[in-house]
Amino acid sequence: MARWLFSSLVLGLFSPLMISNNVAISAEPQQIAYNMARPCNTCLHLVPSGMTNQQKNPIYLLRVYHQGQLLYTFETVAGRHFTQTRNRDQAGTEAPLPDGNYTISSHSVPGTLVEVGGRFLPVYPQFSTGRSALGIHYDPSYNKDNGEDGTAGCIGLSSRSHFATLLSFVETYKPQLLIVDIQ
């Protein structure tokens, strides 16, 4: 009972920040408060939520900051539930992108795969890794039981409208930094 009450209270704190998408989620409250500090003036910051979607994929929170203020928090996925423990620096593993700092392209490009949802926002690691072609996009299979929920390592937003909001922010404010801090 106490754990359920704590989870409800913590999730209630997040609800004003998250754009609702009516997704059933489960939570581990000890992970939800992970890394709440403001990481920068204007940037994107990816952190774990401690939750999973109905397809068992971990939900990560993409926090969007401008002038030190949190503007948006989006539900995202990176990789799939069965790729979470694979080598995140090795090409072909489809694991979530490695932790670290990335520069963000100022413009999206057309997606080359259906599962990229039409547009793709490239990000570039500022460290040595075997991974390439990483970015942020809409995941058209988010929380669908079609075997495609999740990504091959990119950050996949849960809805097309969330991605449109993010693209508008990037094109307007030109943030230079994505901080991935999920492990």
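Student: Where is Asn41 found?

Tutor: Asn41 is found in the loop between helix H2 (29–32) and S2. Helices (H or I, at least four residues) and strands (E, at least two) are DSSP runs, numbered from the N terminus. The model is a predicted one, in which local features need pLDDT of at least 70 and side-chain atom pairs count only at pLDDT 80 or more, while totals for chains, interfaces and linings use all residues. Residues are numbered from 1 along each chain as its sequence is written, and side-chain values use heavy atoms, with hydrogens and water left out.

Student: Which residues is Asn41 in contact with, leaving aside its neighbours within four places in sequence?

Tutor: Tyr65, His66, Gln67 and Gly68. Contact here means heavy atoms within 4.5 Å.

Student: Stepping back, how many helices and strands does the protein chain have?

Tutor: The protein chain has three helices and 10 strands. From the N terminus on, the elements run α-β-α-β-β-β-β-β-β-β-β-α-β. Of the 183 residues, 49% are buried. Among contacts with a separation of 6 or more, residues 24 or more positions apart account for 57%.

Student: Which residues have the most contacts inside the largest nonpolar core?

Tutor: Leu44, Ile136, Leu166 and Leu178, in a core of 25 residues. A nonpolar core is a set of buried Ala, Val, Leu, Ile, Met, Phe, Trp, Tyr and Cys residues joined through side-chain atoms within 4.5 Å. H3 gives the most to this core, with five residues.

Student: Take Leu166. What is it in contact with beyond its neighbours within four places in sequence?

Tutor: Leu44, Leu62, Val64, Phe74, Ile136 and Leu157.

Student: Leu62 is on that list. Where does Leu62 lie?

Tutor: In strand S3 (residues 58–66). Leu62 counts as buried, at 0% relative accessibility. With neighbours within four places left aside, the contacts of Leu62 include Leu44, Tyr72, Phe74, Leu157, Leu166 and Leu178. Leu62 and Phe74 are 12 residues apart along the chain, and their C-alpha atoms are separated by 5.1 Å.

Student: Aromatics next. How many pairs does the count come to?

Tutor: Three aromatic pairs. Rings of Phe, Tyr and Trp (its six-membered ring) pair if their centres lie within 6.5 Å; planes under 30 degrees apart count as stacked, over 60 as edge-to-face and the rest as tilted. One of the pairs is Tyr102 with Phe127, which is edge-to-face at 5.4 Å centre to centre and 85 degrees between the planes.

Student: Which parts does that pair tie together?

Tutor: Tyr102 lies in strand S5 (residues 100–104) and Phe127 in the loop between strand S7 (119–125) and strand S8 (135–138), so the pair ties together parts 25 residues apart in sequence. Tyr102 is buried at 0% relative accessibility, whereas Phe127 is partly exposed at 26%.

Student: What about Phe169 and Tyr173, what kind of pair do they form?

Tutor: A tilted one, with 5.2 Å centre to centre and 45 degrees between the planes. Phe169 and Tyr173 are four residues apart in helix H3 (residues 160–173), a separation of about one helical turn. Phe169 is buried at 3% relative accessibility, and Tyr173 is partly exposed at 41%.

Student: Backbone now. What is phi of Lys174?

Tutor: Near 50 degrees, a positive value in a residue other than glycine. Lys174 is in the loop between H3 and strand S10 (177–180). Most residues other than glycine have a negative phi. Lys56 also has a positive phi, near 75 degrees. Lys56 lies in the loop between strand S2 (43–52) and S3, and is exposed with a relative accessible area of 59%.

Student: Last topic: which residues are closest to the centre of the largest pocket?

Tutor: Leu113, Val116, Ala133, Ala152 and Cys154, out of 25 lining residues. A pocket, on a 1 Å grid over the protein atoms alone, is an open set of points where a 1.4 Å probe fits, with protein on both sides within 12 Å along at least five of seven lines; lining residues have an atom within 4 Å of a point. About 410 Å³ of space lies in the largest pocket, a volume being the space filled by probe spheres set on the points, which are joined across faces, edges and corners.

Terms used. Buried < 20%, exposed > 50% of the residue type's maximum accessible area, 1.4 Å probe, protein only.
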